[in-house]
Amino acid sequence: MVDTLQPPVAAPATDFDFHRLVDVEAGWIDRRIFWDEGIYQLELERIFARCWAFVGHESQFAAPGDFVTTYIGQDAVIVAKDRRGEVNVFLNSCTHRGNRVCFAETGSTRQFTCNFHGWAFGLDGGLISAHEEHHYSRCATFDKSKLGLHRARTATYKGLIFATFDPEAPSLDEYLGDYRYYLDVLLDNDPGGTEFLDGNVKSRLRCNWKFAAENFVGDAYHAGWTHASAAAALFQRDVKVNPAHSYQANINGHGTEFGLDLFGNAMALAEPEVVEYLKENEARFAERLGKLRSRMVGAMSSSNVFPNLAYLTGLNTWRVWVPKGPHEIELNTWVLVNRDMPKRLKEAYRRGVSRTFSPTGMFESDDGENWEHCTHSNAGVVTRRQKLHYGLGLDSRMEHEEFPGAVYHVQLNDANQRAFYQRWADLMSASRWADVPKR
Amino acid sequence: MSVNATLDREREPAPRRRASLDFVHEVQQFLYREARLLDEQRYDDWFELMTEDFTYWVPVPQSRYRRDKKPTYEPGRMAHFDDTLTELKLRASRWKEKTAWSEDPPTRNVHYVTNIEIAPAEGAQDWLVRSVAISLRTRNEDEENWLGGRREDLIRETPDGLKLVRRWVFLTQTVLLSKNFNTFI
């Protein structure tokens, strides 16, 4: 029996010295990383096929048979809950001729049947049957136990479901590391846990995926200028961060920039009930999270979990930057709320996020314009030779008695973006997980 | 709701009474003018065409199997718009700010309205007006985006002329094939 899954083939881009392309010590980035097709192909191998990818929230899989289709890198996958209550993640491509097996975005089903020859796969990806299967009765290589859809490893963290195709990847807990301290701000501020609101919003942006990720991992600086019009319309004033009590923190390329202002981000929803909820529940949040973290629950902040899962406290938008080539992404967004929150508050989040962080929203439409043109200017060969400046806050590293990870003073800072690219270079340079340093 | 995944549906009854030719003409002119006001980004004039309790719903369609019990479009799911008139005005107010960098130079807009059908609605002064709307937007040098949908409007005859009471837009794109949608449809 041949092994039907081949080992990865090293892409030619391994010739690059990735730690030179991203000079995180001095803060300079080579623009080829946003444009080069070879680098992108190696990202698919060494980042997206190896890291833990976010594939859904447990609340999307209430009953056996519930499924969603999504992507890990450019690999189409099905996420489905089986009869035993396990959520499985497997490739959405038939093992016979490779056709896509499931065309629905979401729904409930008993099995996934390929349109081409009727090969039918179960909720765990296993091959159940084929159309007129008796034709295979004398075919020695037709072993149904070996012709299932290729499965990824799965693991959950407080409601979030992750998957990886790399058997050598560290455990999800190790992968997230102490970043879990920051994730808990939204995932564990209430004893009832969290859920995704029904439905999501998808859009296409002609940008490199890293411009979106670096924006959320640590670009507080753009908010005051890029989003000036939204701030003026909502608050009749500029967005200002508090330099004395704001920070950046990063661990293993995951990062968050944040203030301790409790409801700074939430204000943008223009739903007064949400701000009231945060104020009224501050003491309850503190019981679970401690005083400092309770001040982060709706604060001015943005975050990105390496490589491409991002979220905003206060606005509670969760999003994945799905790569669609070196110069395009699909933005896939959901809204996360506390499960025990009153229904009218959930409704306030649903409508408020649509007005702010959706393709029709007052903030998001400006971001896409920037990222697209940051990407496409690199079509110019001379333009690409000009390195980009990532030097803000090179001297801002600090120690903090509570905050884990590498902590930096003032959220207006390029520190998290440098750390994101350091992790990127670590992974791009390493042929094995064992060679990837902990950061 | 106008669109559902299942083909197993009741037959549609024939319209009860027909709008007069004059009224059809009036509604057409109303919708054409409305589309032009959006092309010209005259939002204050556009909002004058709505009643105070106007609601605007543009759900995000979901691609589901026909056998699925849940429909393509469903209230309560994430939506591109699910707004009152006040909330629409808040969105539009951003575009008037000098700091709306990505709107300067402005997007070139064409709103195309066709397939107009007029049927009586419940209120004596109300009409259910169906149409197809297509938005063409062009930005910068080579950015061109098309977005189309089927609309169901509730339009009221008032002493101040026709007013939009409610608009639902059922888009065809499940994945919005552009970075944003910076107009109304």
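Trainee: Which residue in the turn between strand 4 and strand 5 of chain B has a positive phi?
Mentor: This is a predicted model: local features need pLDDT of at least 70, side-chain atom pairs 80 or more, while totals for chains, interfaces and linings use all residues. Residues count from 1 along each chain as written, chains are lettered from A and ligands numbered from 1 in written order, and side-chain values use heavy atoms, without hydrogens and water. Strands 4 and 5 of chain B form a hairpin with 3 residues between them (strands are DSSP E runs of at least two residues, numbered from the N terminus). The one with a phi of about 50 degrees is Asn140(B).

Trainee: How many bridges join strand 4 to strand 5 of chain B?
Mentor: Strands pair if DSSP finds at least two bridges between them. Strand 4 and strand 5 (residues 143–158) of chain B run antiparallel, and Asp126(B) has Arg156(B) as its bridge partner. The bridge count is 14.

Trainee: Which residue is the bridge partner of Pro120(B) in strand 4 of chain B?
Mentor: Strand 3 (residues 108–120) of chain B is joined to strand 4 by 11 bridges, antiparallel. These two form a hairpin with 5 residues between them. Pro120(B) is partnered by Trp127(B).

Trainee: How many of the 14 residues of strand 4 of chain B are buried?
Mentor: Buried means under 20% relative accessible area, using a 1.4 Å probe and protein chains only. Strand 4 (residues 126–139) of chain B is largely enclosed by the rest of the structure, because the buried count is 12.

Notes: Buried means under 20% relative accessible area, exposed over 50%, partly exposed in between (1.4 Å probe, protein chains only). Helices (H or I, at least four residues) and strands (E, at least two) are DSSP runs, numbered from the N terminus.
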